[in-house]
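Welcome! Please take a moment to look over the sequence and the model before reading on.

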Amino acid sequence: MSKDKKNQVSRRQFLNYTLTGVGGFMAAGMLAPMVRFAIDPVLQPDEGGEFVSAKISEEDITTEPKRVAFNVEQVDAWYESTVEKVAWVYKQEDGSIIALDPTCTHLGCFVGWNDNENYPEHFYCPCHDGLYTKDGVNVPNTPPTAPLAVYEHKIENGILYLGKAIPREEA
Amino acid sequence: MKWKRQDMQQYLKSKEYIDTAIVPLLPFSMEGNDEDLLSLTYQHEVMDVFTERLEKEYKGRIFRFPTYSYLATSKIEDEVERLNGYYEQLKTQPFQFVFYLTFDAKWKKHEKNLEGQLLWLPILKDGDIHQEETKKVILDQNEQITDLIRAYWSET
Ligand code: FES
């Protein structure tokens, strides 16, 4: 009887072992990617490179900024979801297309084009009166400290495709 | 801002800019008939879409708090009192505007006892949120709410 007892693992002990085991396993799981990235930067997932249709054809783009909405699949650590993105799209003086991210660089509200009578022909942020000129550059002495980000874009079969929004440094 | 750690971090650094709190109010019940239950979940979905959009477009000024949920059967006077307790909490931070968003007409009658601003929206009892028609209605109401909130802002 007593010999038996020696080899016996109590239920509590057993659970404890397993828990520690699971904990260790989880810690390893968290460390592994960090180690991997530290060792081999090539393994880092490439976030960019994906373009989605903005559902607007090149010829419909004028010199007047137009608001377009498009959907992107977004995957983060926990969720996979379809997110609606917005862009202000227009043709610049030289005819090239630019797509601005409406996210205000102050605290992230959406800016509108030419929708405040006090600031015609500007991007205006309704949250704290942030201002940007047409090219998306922030106006000094308003809260934003950087220009609006610019989406990567390309034209395929006459349709505009947008990619990642690239932040711009203060000019 | 949302009730998330990352947003809270940003909030703590820029409190004085985020002066508007939004708290959705939704009744909860599991004892009603099938129709009631469908209606409750539908309302919850619409509220989600609503506040999600609001928060997204006005992230830098609006803080969207978790939904205040209450038993559909509970006495509204008691809820008013509890909600005023919430208000006290919010007011310990520099929030200038506190809005409650609800589809429940019960609150309307007790609006004057509520601290903070009640925004009541009528809504269809049931529907399909993915349907084009419903989407249009929701977007429309969304715009009205934003206009209203912006009107409050411009008064100051
Ligand atoms: S978020 Fe745009 S000015 Fe503050």
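Helices and strands here are DSSP runs, a helix having at least four residues and a strand at least two, numbered from the N terminus. Read in that way along the sequence, chain B follows the pattern α-β-α-β-β-α-β-α-β-α. That comes to five helices and five strands. Please keep in mind that this is a predicted model.

**Chain B as a whole**

The radius of gyration of chain B is 16 Å, close to the 15 Å that the globule rule gives for 156 residues, so chain B is as compact as a globular protein of that length. Among contacts in chain B with a separation of 6 or more, 74% join residues 24 or more positions apart. Some overall values for the chain are gathered here.

| Property of chain B | Value |
|---|---|
| Box filled by the C-alpha atoms, along the principal axes | roughly 45 × 40 × 30 Å |
| Share of the 156 residues that count as buried | 42% |

Let us zoom in on helix 1 of chain B, which spans residues 5–14. Its buried residues are Asp7(B), Tyr11(B) and Ser14(B). Seen down the helix axis, these buried residues fall within an arc of 80°, so they line one face of helix 1 of chain B. Arg5(B), Gln6(B), Leu12(B) and Lys13(B), on the other side of the helix, are exposed. What covers the buried residues of helix 1? The cover includes helix 2 (34–57) and strand 2 of chain B.

**A closer look at Arg64(B)**

Strand 2 of chain B covers residues 62–64, and Arg64(B) has its place there. Is Arg64(B) buried or exposed? Buried means under 20% relative accessible area, and Arg64(B) has 15%, so this residue is buried. The side chain of Arg64(B) makes a polar contact with the side chain of Thr51(B), at 3.0 Å. Leaving aside neighbours within four places in sequence, Arg64(B) is in contact with residues including Met1(B), Trp3(B), Ile22(B), Asp48(B) and Glu55(B).

**Where chain B meets chain A**

Finally, how many residues does each chain bring to the contact? Chain B gives 14 residues and chain A gives twelve residues. Between them the two chains bury about 1100 Å², with 53% of it on carbon and sulfur atoms. In chain B, Tyr17(B), Lys56(B) and Glu57(B) lose the most area to chain A, together 44% of what that side buries.

How values were computed
Residues numbered from 1 in each chain as written. Chains lettered and ligands numbered in written order. Predicted model: local features only at pLDDT ≥ 70, side-chain atom pairs only at ≥ 80, totals over all residues. Heavy atoms only, no water. Buried < 20%, exposed > 50% of the residue type's maximum accessible area, 1.4 Å probe, protein only. Polar contact = N/O pair within 3.5 Å; in protein donor to acceptor, adjacent residues only side chain to side chain. Contact = heavy atoms within 4.5 Å. Arc of directions from axis to C-beta. Rg over C-alpha atoms; globule rule 2.2 N^0.38 Å. Buried area = accessible area lost by both parts, 1.4 Å probe.
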